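Here are a few friendly notes to read alongside the model. Please keep the structure open as you go through them.

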Amino acid sequence: MRPYHFRSALLSQIRRGNFQQRGANLAVEAGMGSNGNDKTKLEEDICIHIFTVSSAMVGVCLTVIGLIRVVITLGKADTLADDLLACDALLFLTSCLLSYGALRARSFCRMHRIERAADVVFITAMVVMTLICGFITYAMSISPSTVH
């Protein structure tokens, strides 16, 4: 009988509106609100995600460039992968800067345009990174004896 009592007390609290203490209704936070502020919050969330992941991917690219340089030095082999990764790091940096610009934009229309550009550059950089990974895998699978 106790769980039912707890459930009825919870429902009465919800009906009275006691769960609006954080400044917003739970339904509005879930994206079901009727005001225009929800779309702005969603756009800011996307910009923040692009910003953080892009900056992390710049670090990943630089780390892999360092590892490839070590392999090239020790293995006396040369590959184009480090140059391609440097270009990809620049794409991620561009995406990061665009998303930062979108977060700083004053108008919603401008923020949306800059965020869309950051999104396109970010997706392009991810595709390029996937292709570079395939290239690195292919270059490592070729034995040095067959490349004379």
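1. A salt bridge here is a side-chain nitrogen of Lys or Arg within 4 Å of a carboxyl oxygen of Asp or Glu. By this rule the count comes to 1 salt bridge. Arg 69 pairs with Asp 82, and their closest N and O atoms are 2.3 Å apart. The pair links distant parts of the chain, with Arg 69 in helix H3 (residues 37-75) and Asp 82 in helix H4 (residues 81-104), 13 residues apart. Helices are DSSP runs of H or I with at least four residues, numbered from the N terminus.

2. This is a predicted model, in which local features need pLDDT of at least 70 and side-chain atom pairs count only at pLDDT 80 or more, while totals for chains, interfaces and linings use all residues. Residues are numbered from 1 along each chain as its sequence is written, and side-chain values use heavy atoms, leaving out hydrogens and water.

3. Are the two partners buried or exposed? Arg 69 is partly exposed, at 39% relative accessible area, whereas Asp 82 is buried, at 6%. (Buried is under 20%, exposed over 50%, partly exposed in between, with a 1.4 Å probe and protein chains only.) Other buried residues of H4 include Leu 85, Phe 92 and Cys 96.

4. Please look at confidence too: pLDDT is the predictor's confidence in each residue, from 0 to 100. The chain's mean is 75, and 67% of its residues reach 70 or more. Among the elements, H4 has the highest mean pLDDT (92) and helix H2 (residues 26-32) the lowest (42).

Note on methods:
Helices (H or I, at least four residues) and strands (E, at least two) are DSSP runs, numbered from the N terminus.
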